[in-house]
Structures are given as C-alpha cells and as structure tokens.
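Me: I would like to go through some labels used for this model and ask what each one rests on.

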Amino acid sequence: MGTASKRKAQQQPETDDKNSARQDRVQQRYTLGKARSVDVAGFVEARSFEINSLQRSLDNARAAGNVRAFQTLPRHLRRRAASHNVKRIPARLRERAIAEMKKSAQTSKKLAGTDRLTSAARTSRYKRRRARTVREEYELRQTGKRWLETHVWHSKRMHMVEMWGTMIARTPNERSHRAAYRAAKENTYIHDVSYFVTLEISGAEQTIVQLLRLLTPPGDPPVSAKPYIDGSRMAPLTLHRAGLYPLATLGPAMALWLPQSGSGSRKLWLRMHPAIRDPAKAELANAAKTLVKSTPQLLHVADITCDLVSFELLGNQSTQLLSTILSQPANPEARGSGALRLIRELPSPATISESVVIALRIHDPRLRFPYKADFNNDPLLPEEHQQLQNLLLRWPADAAKLSNPQDYGVWDRAACAASLERRPSEHALNERRRHQLIPGTKLQPDPSIDVTVPLLLVRTGPEAQLGSRVIHTDRKYIDSFTHGWTLIAPKGWGMPLWMAFSFAGARAQGMDERLHISLEAGLPMFPADWPGTAAYDKWTGVAATEARQKWMRRPPGKRTNYLKFGIESPFYPPFHNLLNISDIPDVYPPTTSDSLECRKRCLRKIASKRRDVAMGTNAAKDTTECAMAVDEPTSTQPLEILVQGTEPKDNSGSMWLVSGERLAMVIVSLLADTRLSGDSSAPCTDFQSWANPLLSSSAIADRSTALFDQDGACLLARCLVRVRLVCVGRGIMANNAPICITTSDTTSGQDSTIGYIMRSSFSLARGCGMAVGACSLHGLFKLSKSAASPVVQHLKKNYRVRVRSTSGGPDIDAVLDVLP
C-alpha cells in the first residue's frame with residue numbers, strides 16, 4: 001500500500017468517532033425533549049406485574065416475613081426462649097409477638113381449636129399447683145391450722161408453736177424475761193389473744209340466763225344481775241358440766257350482753273380459752289336441748305372467733321397508750337369517747353372498775369401512721385376533774401353504746417364486712433401521701449373515701465383469769481401486772497392496729513411471758529394452774545412428756561436418780577396419788593419405779609435376775625423388761641399431737657378445785673379460826689366437822705347428796721385448793737416439788753406431803769423465789785392443826801411449809817397463802 005493510502009486509512013477512524021459523538025448529542029437532546037411528555041398511566045400499566053410483586057413482598061416481610069418480633073431486638077436483649085414465651089419480650093413489642101403467635105396457631109394443625117399459642121410442653125404439676133402470689137402461698141400453708149392476722153409479723157420475731165389449732169407466738173427470739181417484767185410494771189406490753197374463742201348465743205333473754213345457770217356455780221352472781229344485763233360490764237364465769245357442780249370444771253369464761261333495750265331477743269358473747277372450746281360447745285348444745293323441751297324458745301350458738309381480732313394491753317401506761325392512738329374518734333359525741341378522753345390522766349388502769357366496757361368508732365388507723373406515744377397530755381380542767389370523779393364512782397351504762405342507736409358496731413358482722421370491702425388500699429393511701437404539699441403530713445380522713453372502725457375496750461384484770469369477782473385478794477403486786485385493757489375489733493383490722501400499738505411503744509410478748517407475768521402477780525393462769533380440768537391434764541401431759549424425753553436423752557449414768565431422793569413423780573404433780581384416786585389420765589407419761597432408777601441399780605437387778613435364771617428361776621422376762629427400762633426411752637407423742645389430738649378420757653371429774661374468791665375466803669377463815677384457837681385439841685378435831693362450813697357456804701351440800709354420801713365426806717376428800725408460796729430465804733422451788741408440813745422436830749421425819757408445786761420461778765418483784773401450787777383440803781386441815789400447836793406458834797411459823805428439793809438439795813422454807 002502506498003503512503004497516501006496509508007495516511008487516508010489512518011484518518012478514517014477519527015472521522016467516524018466524530019460522527020458518532022455528534023449523533024449521541026442529537027439523540028440526547030431528542031430523549032430529554034421526549035421525556036417531558038411521558039405517559040404515566042401507560043408506564044405503570046406496562047410494569048404493573050413488577051409493582052404488585054414488590055408490594056406483596058413488602059407486605060409479607062412486614063406481617064410474617066423472615067424477621068419475627070423478638071428477632072428485631074439487638075443481640076444483647078434477645079432471649080433463648082423468647083420464641084415461645086411472650087413474657088420474655090419487651091412490653092413495646094409484646095402485642096406484635098402475641099399477634100404473630102395467634103396467627104401461627106391458627107395455621108397449625110396441632111394447635112387449631114385450642115387456646116394454646118405454642119406447642120411447648122405443658123408445665124409440671126408441681127409448678128401448676130404452686131402459689132402464684134404470696135397471699136395464695138400463705139393460704140396453702142395454713143392447711144390444718146389457723147394463722148392469726150399478725151402471724152407473719154410474729155414469725156419473724158418469735159418462736160411459733162401450734163396449739164389448739166392455731167399458730168401462737170410462744171416467746172421472742174431475744175431475751176425478754178426482765179424486759180417483759182419492766183414492760184408490765186412501768187410501760188405497756190401487748191399480746192395477741194385473737195386465738196381466744198368467742199361464742200355468740202342468740203335467743204330469748206330468760207332462756208339464755210337459764211342456760212348459763214346450768215353451767216355456772218349456783219352461788220355466783222348470774223349474768224342477769226344489774227351490773228351485767230345492760231351490757232356495760234363483762235360478767236366473769238366459771239363453767240362446769242351441767243348438773244355436776246362442783247365437779248367437772250371446764251374453765252373460766254367472760255360473758256357480755258349486747259346493749260339493747262327491752263327483754264325480747266338478745267345476744268350474748270361468751271369468751272373463753274380455746275382449750276375448752278369443744279367441751280363448752282357440747283355442754284351448751286346439751287343444755288339447750290334440755291331447755292327447748294321445757295320452753296318453746298329456740299337458742300342459736302355460733303362460733304364467731306374468726307370474725308374478730310383481740311389484743312391484750314397490760315401495764316401502767318396502757319390507758320395513756322390507748323388514749324394516744326384513739327385520740328381522734330369518728331364519733332366524739334359518744335359517751336365512750338368522752339370517757340376515754342377523761343381517763344387518760346389516771347396513773348394506772350387499776351383505778352378503773354374492772355370489766356367495764358367502752359364502745360367507740362375510730363378513723364382508719366393507717367391515716368395517722370406512724371404513731372408516737374405522748375404521755376404529756378394537757379391537764380384536765382376543773383369541770384373535767386369532777387366528771388372523772390363521777391365516772392370512777394359510777395360507770396355510765398351508755399358507755400358501751402355508740403351515738404347512733406341503730407349502730408351496733410362490732411356486733412354487726414355484716415356491716416363490718418361491707419366496710420372492710422370499701423377500705424382503701426395501701427397503694428391508694430401512699431398516693432395520697434405522695435400528693436401532700438408537706439412530706440410527712442398526716443392524712444386527714446375523707447368521709448367519701450375512708451371508712452371507720454368499730455372497737456370495744458374491756459377493762460381486764462384478775463377476774464378474767466379467775467372466773468369470779470375479786471374484792472379481797474391481795475393487790476400489792478396484782479395492780480401493776482394484770483390490770484389493763486382488751487381491745488376487740490372486726491377481722492381485717494388486726495395488722496393496722498397492731499402496727500399502731502407497736503410503733504407507739506407497746507412491747508410485744510408471747511405466751512410464755514404472759515404466764516410469767518401472771519406468776520409475778522401471784523395469780524393462777526388457765527389451763528396451767530387449774531388442776532381437776534381436762535385442759536390442765538392435756539397441758540401438763542405435754543410438759544411432762546417433754547421433760548421425760550429430755551431426761552431420757554441424758555446418758556444413763558448422768559440422769560438424776562429421783563427414787564433415791566424420794567420423788568415419786570418428777571415430771572408432773574401427782575394430785576391423783578395425793579387424793580387417793582387410782583384412775584390417772586392417759587396423757588401423763590409413766591412414772592414406774594423401773595423407769596426412774598439409775599443405771600447401777602438396774603444393772604444390779606439384772607445381774608441378780610440372771611443369777612436366778614442360772615439357778616433355775618424363771619425370771620428372763622422380767623430381766624428383759626428391766627434392761628429395756630434402762631436404755632430405751634418410751635415412745636411419746638409430740639407436742640402438736642397431744643394438744644391437737646383426740647379428746648382424752650376425762651378422768652379429772654373425780655377431783656374438784658376450789659375456784660372463786662367466795663369459797664377461798666371460807667377456807668382462809670377456817671385456817672384462821674384454828675390458828676387463833678391456840679389449841680390443837682380444839683372441838684373441830686375431825687376433818688369432816690372442820691370442813692362443814694365449806695359445804696354449807698354454797699349449794700355444794702344440796703348436790704353432794706345426789707353425787708356422794710349424805711355427809712359429803714368423799715367430796716371433801718377429793719378437794720384441791722390453790723396456794724401461793726413465797727420463799728423465806730434463798731433458793732428457788734422446783735416444779736412438781738412436794739409441799740410438806742414443817743414440824744418442830746426436823747429430824748423426826750414425821751412431816752407429810754400436803755400438795756405439790758405447779759409453776760415456780762424467781763420473782764423480780766419480791767426478790768425471792770415464788771411458786772403457785774395446790775394442796776388438798778385435808779392437807780390444809782393438818783397444816784392448821786400443826787400451826788395451832790404452841791411450839792409452832794412460839795417459832796412464829798404460821799402457815800409456813802417446807803418444799804422438798806427434787807435434785808437432792810436442801811429443802812426450802814416458804815410462806816403459804818390461799819388463792820381463789
């Protein structure tokens with residue numbers, strides 16, 4: 001190819017490039033101009049398939065796409081079981097997750113037609129039966145026993161024990177022996193007595209009076225007496241089985257009439273210890289059947305124990321503490337509210353008549369919580385002093401009534417239940433406190449929201465423990481220990497009232513402290529100090545069983561050898577042996593000679609019996625029994641079974657206890673007459689003639705003819721009298737120790753046992769040992785003859801006795817006083 005042709009061939013591509021660039025620019029101008037007139041409808045119609053496909057993909061991805069609700073969470077918030085447990089997903093995504101699970105359940109063959117959202121395995125039976133709330137759990141744990149409303153508070157601070165079908169606080173976890181004494185003497189101590197039984201008897205007034213006359217001593221004032229019939233006072237009673245007085249004692253009780261005018265249908269409350277609930281209800285039913293046959297009026301007996309709560313406040317400052325917490329009543333015009341306002345200046349509740357009743361209504365105690373006791377109240381005005389004097393001289397009958405005659409307060413259980421349903425919750429009260437302008441300001445009651453609480457205040461004292469009127473009893477140590485108030489309120493208000501008293505300064509105590517305070521006062525307490533009753537046998541049987549178990553747990557060589565010291569019954573007072581009664585209740589543990597001997601003596605017997613066997617004597621069976629008595633403790637029932645178990649055989653009806661101040665004063669006069677005579681050969685040398693005034697002083701002689709022989713000798717021979725013993729010198733008397741007569745010749749050994757100790761301890765009030773025991777009436781007769789001898793009078797040992805030691809120590813001299 002020539003040079004020209006080569007040059008022309010090289011220029012040809014450059015020309016083509018320029019032409020193509022020119023064409024592109026023209027095409028671009030043509031396209032932009034044409035785009036300004038695009039047909040949108042045609043464009044969308046031509047691409048409708050692609051658009052619909054895109055829309056379906058977006059909808060599917062949003063509703064049930066590849067990402068579930070729990071998968072949208074960050075990695076650190078995801079949970080492994082969130083796919084089947086909606087509660088593991090945050091609340092903001094929970095509705096979406098529930099919708100996804102419902103949609104999945106509808107398309108599933110396995111879950112279709114069921115309420116289940118997932119195919120996860122069903123939870124175990126244990127988890128399904130498990131309580132979902134704390135309240136449900138507490139209700140499940142009360143199977144077979146009852147919890148008081150303050151049970152949770154007590155269980156965190158005290159030892160709890162199941163007795164009489166109820167969980168009761170026994171003693172605080174901290175040391176409280178001296179603290180309980182100081183609280184009762186100087187301050188206030190509180191005890192939850194809601195486990196006490198309350199029976200409501202409805203019917204005609206005369207029928208109720210006749211019913212209780214069958215169960216009470218004939219010489220005591222009836223419930224129809226003037227101080228009690230209007231409902232202004234509670235009547236102390238001692239219940240017996242119908243027609244068997246003075247035998248078959250049940251125990252003490254308190255009766256209160258509903259304040260109501262007229263003698264038509266009335267209501268009466270009968271409050272008693274739970275140990276006698278079943279026998280008392282049975283006796284009331286039997287007596288009611290007897291009365292129904294003779295009278296057309298019907299009686300109805302209902303157990304309303306679970307509808308009430310009750311607290312016992314004892315101590316010198318109990319009245320001031322009540323006045324502080326109940327200082328703003330809902331009905332200040334009521335007579336009971338005015339009486340409570342006047343008595344706040346009294347130094348001790350003992351200055352007020354015992355068993356008087358105050359009825360009042362208060363606002364919700366949670367409104368002014370917490371409370372602080374303020375004992376520096378404003379002094380009373382002169383006219384208020386005069387009103388207080390009139391109040392103490394004659395207690396007003398209308399103090400037990402509310403201002404509205406149609407308002408029955410605690411007696412109207414239906415109104416109390418309705419008020420409890422309308423009570424504001426704790427959350428509502430906290431919200432009201434949060435909106436207060438000044439933090440910590442007490443809430444003011446709002447009548448449209450808040451409710452009122454009806455209360456009954458009963459002045460309690462020795463009469464409630466003894467079951468009879470108390471007039472001449474020594475009050476030196478009783479006033480500061482056993483006088484106080486019993487507060488009765490409807491159910492549901494136990495914890496608000498308890499917390500109010502607790503924060504105000506009242507010291508909570510258990511059942512053991514209550515027994516200790518009664519011992520400090522020198523008064524018997526039911527059922528621990530009421531021999532001759534079935535409740536006492538069950539109580540003492542439990543204590544004796546525990547004491548014997550403790551003794552048997554010790555090594556055989558370290559056990560106390562009671563037979564060596566001459567103690568026939570170291571675990572319980574053998575009153576049956578003292579009164580020559582062969583039938584002993586089954587609740588007591590065995591006290592055979594083999595079970596009380598030491599190991600060395602038993603081994604000697606075993607060796608001698610083995611020698612007899614070797615010589616041909618058949619004593620192998622006795623040897624085996626003796627060996628078992630040395631090393632094997634007998635099987636005993638636990639405390640709960642003995643207290644809650646079946647009713648034991650009532651073998652206590654053969655002995656009877658002198659109860660009531662009237663009979664006790666007769667015995668005191670008999671002892672005083674014999675001592676003042678100064679002659680041991682006085683005309684009343686015979687026990688029967690000496691004790692005849694006891695029979696003639698009451699209706700015992702009328703019933704002794706039908707029960708025993710005509711002279712009542714068997715009745716007097718089985719009589720027990722409670723006594724109080726105060727140590728003369730050092731030492732503390734042991735429980736179940738024998739009480740012996742002190743003679744002029746201490747080495748002659750001619751002293752005899754006249755009784756036994758039931759409860760003993762060191763008295764902080766007296767600074768010496770003290771005990772409550774019981775002696776036979778015949779033993780007191782021998783004591784009076786011994787005190788009438790010239791030698792004993794010269795030694796000034798009137799009513800002095802000697803209490804033997806159960807552990808081999810020296811005997812203790814004590815002064816004996818008769819108790820009602």
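**Labels and their cut-offs**

Reply: His 483 lies in the loop between helix H18 (479-482) and strand S12 (484-490); helices (H or I, at least four residues) and strands (E, at least two) are DSSP runs, numbered from the N terminus. This is a predicted model, in which local features need pLDDT of at least 70, side-chain atom pairs count only at pLDDT 80 or more, and totals for chains, interfaces and linings use all residues. Residues are numbered from 1 along each chain as its sequence is written, and side-chain values use heavy atoms, with hydrogens and water left out.

Me: Why is His 483 called buried?

Reply: Buried means under 20% relative accessible area, exposed over 50% and partly exposed in between (1.4 Å probe, protein chains only). His 483 has 1% relative accessibility, so His 483 counts as buried.

Me: Why does Cys 306 count as exposed?

Reply: Cys 306 has 51% relative accessibility, and therefore counts as exposed.

Me: How many disulfides does the structure hold?

Reply: The structure holds zero disulfides, a disulfide being a pair of cysteine sulfur atoms within 2.5 Å. For Cys 740, the nearest cysteine sulfur is that of Cys 775, 9.9 Å away. Cys 740 is at 2% relative accessibility, so Cys 740 is buried.

Me: What places Arg 722 over the ring of Trp 530?

Reply: A charge sits over a ring if NZ of Lys or CZ of Arg is within 6 Å of the ring centre and within 35 degrees of the ring normal. The charged end of Arg 722 is 4.4 Å from the centre of the Trp 530 ring and sits over that ring.
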